[in-house]
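The model comes first, then the notes.

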Amino acid sequence: MSHPHFIDVQVGKRLREFREAKRLSQADMASALGVTFQQVQKYESGHNRISASRLHAAACFLKVPVADFFHGLNDMPPDGVSESEARIWAFTRTSEGQTLSRYFSQLSTPMRRSVVSLVKAVLAEQKE
């Protein structure tokens, strides 16, 4: 299973933020775009890409510039990085990623190895 592209995820997050700021439901958004609310859920999660025409319609409906959906993406990872590297790169720019990095860097090397082992074990359990 492929992961959604991080740009699609970020655009979807912005769609949700703008919709919620206007106190609109996913059904309201769906009606304005001519899709189902389930499709809006997929746009907001980044699992489905929103087309340029629908993004424009969403921007008009929400009364925000289309460019606002891409705010913060100008500082993108270098060309040629893998999708996995791009996700890591994007995560390190979130507040959670920065906090985790700050705390993780304060751990001793043996403790870092233990934390990495713990996270691997948790992920293995999650996949089962």
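At what angle do H2 and helix H4 pack, and how far apart are their axes? H2 and H4 (residues 52-62) pack at an angle of about 120°, with axes 9 Å apart. Axes are lines fitted to C-alpha atoms, for helices over the stretch in contact, and angles run from 0 to 180 degrees between N-to-C directions.

This is a predicted model: local features need pLDDT of at least 70, side-chain atom pairs count only at pLDDT 80 or more, and totals for chains, interfaces and linings use all residues. Residues are numbered from 1 along each chain as its sequence is written, and side-chain values use heavy atoms, with hydrogens and water left out.

**Overall form**
- The protein has seven helices and zero strands. Both are DSSP runs, numbered from the N terminus: helices are H or I with at least four residues, strands are E with at least two.
- From the N terminus on, the order of elements is α-α-α-α-α-α-α.
- The radius of gyration is 18 Å, whereas a compact globule of 128 residues would have one near 14 Å. The radius is taken over C-alpha atoms, and the globule rule is 2.2 Å times the number of residues to the power 0.38.
- Along its principal axes, the C-alpha trace spans about 55 × 35 × 30 Å.

**H2 against H4**
- H2 and H4 are therefore oblique to each other. Angles under 35 degrees count as roughly parallel, over 145 as roughly antiparallel, 65 to 115 as roughly perpendicular and the rest as oblique.
- The crossing of H2 and H4 is right-handed. A crossing is right-handed if the near helix is turned clockwise from the far one by less than a right angle, and left-handed if anticlockwise.
- H2 contributes Asp-28, Met-29, Ala-32 and Leu-33 to the contact, and H4 contributes Arg-54, Ala-57, Ala-58, Phe-61 and Leu-62. Contact means heavy atoms within 4.5 Å.
- By class, the residues of this H2 and H4 contact are seven nonpolar, no polar and two charged. Ala, Val, Leu, Ile, Met, Phe, Trp, Tyr, Cys and Pro count as nonpolar, Asp, Glu, Lys and Arg as charged, and the others, Gly among them, as polar.

**H2 against H3**
- The axes of H2 and helix H3 (residues 37-45) come within 8 Å and cross at roughly 100°. That makes H2 roughly perpendicular to H3.
- H2 brings Gln-26, Ala-27, Met-29, Ala-30 and Leu-33, facing Phe-37, Val-40, Gln-41, Tyr-43 and Glu-44 of H3.
- This contact of H2 with H3 has seven nonpolar, two polar and one charged residues.

**Gln-26**
- Gln-26 lies in H2 (residues 26-33).
- Its side chain makes a polar contact with the side chain of Glu-44 at 3.0 Å. A polar contact is a pair of N or O atoms within 3.5 Å; within protein, one must be able to donate a hydrogen and the other to accept it, and residues adjacent in sequence count only if both atoms are side-chain atoms.
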